[in-house]
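Dear colleague,

Here is the structure I said I would pass on. My notes follow below it.

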Amino acid sequence: MLDIRCPTFRFKLTNLCKFMNERTYIKNAHEKIGQEIVIAGWVNVRRDHGKLIFLDVRDATGIIQAVALPSHKEAHDAAKELRPEWVVSIKGIANKRPEKMINQDSPTGDIELEITSIEIFSRAEELPFDKDGELNLDTYFDYLPLTLRTERSRAIFSVQANIIAAFRNFLTENNFVEIQPPKIIGEDAEGGANSFTFDYFGHTAHLAQSPQFYKQIMVGVFEKVFTTTSVYRAEKHSTTRHLNEYTSLDLEMGFINDHRDVMRTERALLAHIMRVLEETSKKEFALLGAEIPVVPEEIPSLKLREAQKLLSEALGVDCANEPDLEPQHERWLCEYAQKTYGSDFIFITHFPMSKRPMYTFEDPADKDYARGFDLLFRGIEITTGGQRIHEYQTLVESIKKKGLEPEKFSFYLQAFKYGMPPHGGFGMGLERLTAKLLGLENVKEAALFPRDINRIDKLLSQ
Ligand code: AMO
């Protein structure tokens with residue numbers, strides 16, 4: 001509760017309420033035709049026709065056209081001064097446009113605000129790039145505080161926000177508990193070389209590559225958990241599919257029969273996310289020329305060895321002994337799933353145990369292969385998941401088999417020493433999912449402030 005006896009708070013609260021009460025969000029201007037309203041936002045575009053000065057004003061909810069007429073002299077003079085990105089509050093009459101002046105492409109295209117007064121909150125310098133021109137990626141990233149304001153970027157990140165909300169809603173509704181795992185960790189779960197290490201008061205610590213250990217430990221507490229969390233990969237190369245910091249959508253669930261229960265949960269979750277996007281984000285998909293995929297009742301699934309056989313036959317490559325798929329193989333398998341099953345998604349299961357992390361559960365019916373899966377979507381892996389070892393002794397043996405020391409994992413192992421159910425889960429890369437949904441060529445375009453080997457906000461070599 002706010003303590004409204006505090007004089008500072010009371011003052012701020014009153015002012016804010018007054019402003020909020022008066023302000024009309026642009027998307028609601030329809031409801032106030034013929035009335036004088038106050039809008040607030042940024043000047044998106046200004047067109048000076050001498051007597052008539054047109055402004056496209058943008059707020060969080062949309063864009064509206066406003067016009068300054070010489071009959072409101074003070075407002076007209078102020079409008080002359082305005083430039084793109086100036087922040088203003090505008091009072092005006094919400095007029096219905098004559099039929100032939102309606103702009104069908106805009107949700108507010110049937111209204112024009114006749115400006116009666118303008119208050120300037122802040123001025124902006126001229127943009128250092130052409131807002132309407134094509135921006136190359138480096139310029140786009142160099143000016144993110146500004147380029148993120150463009151319609152395209154706003155569409156990308158509002159879709160992303162809706163994906164996260166749908167992920168959270170679906171899992172909460174299905175009795176998963178949201179957890180906040182730490183990012184500073186002692187030993188990394190994935191066992192790969194690509195973790196960032198740093199000095200932690202004289203000790204070596206890592207930035208989490210995934211929330212793996214903590215989501216497993218929390219199955220011992222809540223049975224079903226999920227998180228949306230930043231994770232870090234020290235990828236020493238710059239590709240269109242890798243980030244050094246990304247958001248992992250993770251879940252972990254207890255009392256499963258095998259990895260197929262996790263795959264079914266992922267299917268249902270994806271179907272829910274697409275339903276939510278249908279309801280919330282059609283406009284954004286249209287703007288980006290992208291289509292919301294249909295998630296089939298059953299996503300097609302192949303064992304890695306079956307996929308490799310198909311690849312050898314189709315491409316003449318001998319990849320039968322490879323432990324994983326190459327990017328071009330993932331692309332081919334997605335085309336195959338589309339042609340054969342009309343599906344944008346395909347599961348690949350049973351990767352060799354030798355290349356999977358120490359927590360991986362071996363399929364007793366298919367020795368040396370994992371009860372695990374990757375999910376490919378529109379040409380790229382978006383998820384890895386599977387069943388995990390839940391028996392303490394088996395896990396200790398698996399750690400040793402990987403050449404690791406069980407003592408180093410003693411904290412994590414406590415959960416297993418004291419009773420864990422059969423469980424499994426998955427991790428899905430939010431940026432890869434967003435990029436593929438929206439047809440973005442580079443995963444970095446789906447990260448607000450992407451970190452790669454050459455860039456932390458600015459190019460590192462600058
Ligand atoms: P994995 O390492 O396969 O599995 O990662 C899971 C998913 O995360 C995404 N991803 C990335 N996205 C952008 N940039 C990267 N550098 C990057 N690396 C991975 C991908 C990938 O499918 N703990 C397991 C998951 C689990 O079994 O629960 C894990 O982290 O979409």
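Leu-277 has contacts well away from its own stretch of sequence: leaving aside neighbours within four places, it is in contact with Val-159, Asn-162, Ile-163, Lys-282, Phe-285, Ile-292 and Leu-437. Please keep in mind throughout that this is a predicted model. In the largest nonpolar core, which has 51 residues, Leu-277 is one of the three that touch the most other members, together with Ile-163 and Met-274. Helix α5, residues 151-173, gives this core its largest share, 10 residues. There is also a second, separate core of 23 residues, with Ile-26, Val-43, Ala-75 and Ile-90 among them.

His-272 belongs to helix α7, which covers residues 259-280. His-272 counts as buried because its relative accessibility is 18%, and the cut-off for buried is under 20%. Apart from neighbours within four places in sequence, His-272 is in contact with Ala-166, Asn-169 and Phe-170.

The ligand

The shell around the ligand has 21 residues, of which Gln-212, Lys-215, Glu-381, Thr-384 and Arg-388 come nearest. By class, 5 of the shell residues are nonpolar, 8 are polar and 8 are charged. Three elements each supply at least two shell residues: α6 (212-222), β15 (380-388) and β16 (423-429). The largest share is that of β15, with 6 residues.

- Tyr-359 has a polar side-chain atom 3.3 Å from a ligand nitrogen.
- Thr-383 has a polar backbone atom 3.2 Å from a ligand oxygen.
- Gly-427 has a polar backbone atom 3.3 Å from a ligand oxygen.

The ligand taken alone exposes 620 Å², and the protein buries 93% of that.

Glu-252 is in strand β11, residues 245-254. With a relative accessible area of 0%, Glu-252 is buried. What does the side chain of Glu-252 make a polar contact with at 2.7 Å? The partner is the side chain of Arg-388. A further polar contact, of 3.3 Å, joins the side chain of Glu-252 to that of Lys-215. Both partners are also among the residues that come nearest to the ligand. Glu-252 and Met-218 are 34 residues apart along the chain, and their C-alpha atoms are separated by 8.5 Å.

Asp-59 is placed in strand β2, residues 52-59. Its relative accessible area is 0%, so Asp-59 is buried. Not counting residues up to four places away in sequence, Asp-59 touches Arg-23, Thr-24, Tyr-25, Ile-26, Ala-40, Gly-41 and Arg-154. With Ile-26 there is a specific pairing of polar atoms: a polar atom of the Asp-59 side chain lies 2.9 Å from the backbone nitrogen of Ile-26. Ile-26 is also a member of the second core. Ala-40 is 19 residues from Asp-59 along the chain, with a C-alpha separation of 6.7 Å.

Glu-85 is not a glycine, yet its phi is positive, at about 80 degrees. Glu-85 sits in the loop between α2 (73-81) and β4 (87-96). Is Glu-85 buried or exposed? Its relative accessibility is 5%, so Glu-85 counts as buried.

Arg-378, also a residue other than glycine, has a positive phi near 45 degrees. The loop that holds Arg-378 runs between β14 (372-377) and β15, and β15 is the strand that gives the ligand shell its largest share. At a relative accessible area of 26%, Arg-378 is partly exposed.

The chain as a whole

The chain has 13 helices and 19 strands. Of its 462 residues, 49% count as buried. The C-alpha trace spans about 85 × 60 × 45 Å along its principal axes. Among contacts in the chain with a separation of 6 or more, 66% are between residues 24 or more positions apart.

Regards

How values were computed
Residues are numbered from 1 along each chain as its sequence is written. This is a predicted model: local features need pLDDT of at least 70, side-chain atom pairs count only at pLDDT 80 or more; totals for chains, interfaces and linings use all residues. Side-chain values use heavy atoms; hydrogens and water are left out. Helices (H or I, at least four residues) and strands (E, at least two) are DSSP runs, numbered from the N terminus. Buried means under 20% relative accessible area, exposed over 50%, partly exposed in between (1.4 Å probe, protein chains only). Contact means heavy atoms within 4.5 Å. A residue is near a molecule or strand if one of its heavy atoms lies within 4 Å of it. A polar contact is a pair of N or O atoms within 3.5 Å; within protein, one must be able to donate a hydrogen and the other to accept it, and residues adjacent in sequence count only if both atoms are side-chain atoms. Accessible areas come from the Shrake-Rupley method with a 1.4 Å probe; for residues, only the protein chains shown count as cover. Ala, Val, Leu, Ile, Met, Phe, Trp, Tyr, Cys and Pro count as nonpolar, Asp, Glu, Lys and Arg as charged, and the others, Gly among them, as polar. A nonpolar core is a set of buried Ala, Val, Leu, Ile, Met, Phe, Trp, Tyr and Cys residues joined through side-chain atoms within 4.5 Å.
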